[in-house]
Amino acid sequence: MTHKAATRQIATALGIGACLFSGTASADDLTLQSAIQRALVNQAVVQQAQHMIAESEDQGRAAHADLLPALSLSTGGIWTQTQNGQPRFVSANGARELIGQIRLQIPLYAPQAYALSALARDRSAIARYRLQQARLAVAAQVTMAYYQLALNDNELAVWRRALTDARQMFVATQEGYRAGTRSRLDLSQSQLTLVRIRMGLNQARPRARAARQVLALQTGYGMAALPALAPVAAPLTALPGSKMLRQQADQSQPLLRVAEGEIQSARSLLHYRRAARLPVIAATGAYGVDTSTLPQSQQLGWQAILSLQMPIFGFGRNRDLVAAAQEQVAAMQAAKAALQLQIRSRLAADYGAAQAAANALQDARTLEQTARTVYTMTRKGYLAGAESALALQQAENGWVQAQLQTAGAAIRARLTRAQLALDSGLLPDQRKPS
């Protein structure tokens, strides 16, 4: 199986490539995909990474330009101290020298310049990997904020439905109390149930507002402009194999790609240090005048220079610099191995959390169905006068808690799968491999 096919299979298994939403969704509803894409455009950390790429590319072009010929102008006048009309030290032209030349310098063999050019390319690659890392970090923050708001919205819906039912039962109890079929204890118990549900709703509202504000900040919306969330469905597909996820992480995780780039950058630096022991050969062509008299137009001419610069002895400086560069390569390789272990450990922990979340969702659904049946039967019995208000309160409390548990379990199941995608180096909204 190719890497692209494996990526597509993992995305589908994690519920990334398929529809994430169920129920009646409006075209204006905010999906996780649109929230992440908006955050990737608006968040400054992504823009910073993009500027860093542009900077590294400019540095790479500048380093490559050092390998190309350079044209320059050299001009000036030199006055030499003389005695009896003769220079007091060796001079080719005499007491005064006038120079005016256009020079073309051509590097013929410059190993350190080649190494610096390779180092600049490696750092440019690292900057691109860091952009992918920044995009994943932003996606992780937005995913967490999105599902937190979805959870709070679901909890609000549960409390509102419970409040509607509690009001209906309180009205029915009041009528029964007036008719003499219900005791004052039943009336007080119904009122207590209504107060308790209102308290739960009042506590859920500020949490939902805070979650909405966080998501609005992450995506660049205003609080009033943030659209309603699309309904979030529980995952339907089975989890992919842990081995497949590890392979995907080894190939796509930007942190590992950055570590590989750091290793290659350290190797380029090692080549630069070793190149300090090699000769540098350059050629220079000059056209102009170099004379001790007033220059004349017929004195203009060409000059060619071939230079060789060769280090001979530096008291061990180059040897120590090469040894330090070798240690840096070894350190980067060890850092990559440690990072790979950390990622695989995180992936294993998140995989177990995803499996536990899937089991918890199944159990919560079963519990909710049972609690709903109990509440429905108790409510019918209460309206018929066969059950007390205390029994109804207990049944209603059990059903409300079961609904809250199911809502939380569904969001956690979706969130743990999104975390597995992030661990594998994929965006939670990625629909096809990059």
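**Notebook: charges on the helices**

I started with D153, which counts as partly exposed at 25% relative accessibility. The model is predicted, so I read every value below as computed.

Next I looked up the partner of D153. Its side chain meets that of R212 in a salt bridge, 3.9 Å from N to O. This pair links distant parts of the chain: D153 sits in helix α4 and R212 in helix α5, 59 residues apart. R212 is partly exposed too, at 21% relative accessibility.

How many salt bridges does a search of the whole structure find? I got nine.

I then checked R130. R130 pairs with E262, and the closest N and O atoms are 3.0 Å apart. Here, too, distant parts of the chain are linked: R130 lies in helix α4, E262 in helix α7 (residues 254-275), and 132 residues separate them. I noted R130 as partly exposed at 40%. E262 is also partly exposed, with a relative accessible area of 26%.

R160, R167, R198, R205 and R209 gather in a positive patch on the surface. Helices α4 (111-179) and α5 (184-219) are the elements that give two or more residues to it. I noted that α5 gives the most, with three residues. R209 is placed in helix α5.

Note on methods: Residues numbered from 1 in each chain as written. Predicted model: local features only at pLDDT ≥ 70, side-chain atom pairs only at ≥ 80, totals over all residues. Heavy atoms only, no water. Patch = residues over 30% accessible without salt bridge, like charges linked within 9 Å, V, L, I, M, F, W, Y side chains within 5 Å. Areas by Shrake-Rupley, 256 points an atom, 1.4 Å probe, with all protein chains shown as cover. Salt bridge = Lys/Arg side-chain N within 4 Å of Asp/Glu carboxyl O. Lys, Arg positive; Asp, Glu negative; His and termini not counted. Charge placed at Lys NZ, Arg CZ, Asp CG, Glu CD. Helix = DSSP H or I, 4+ residues; strand = E, 2+ residues; numbered from the N terminus. Buried < 20%, exposed > 50% of the residue type's maximum accessible area, 1.4 Å probe, protein only.
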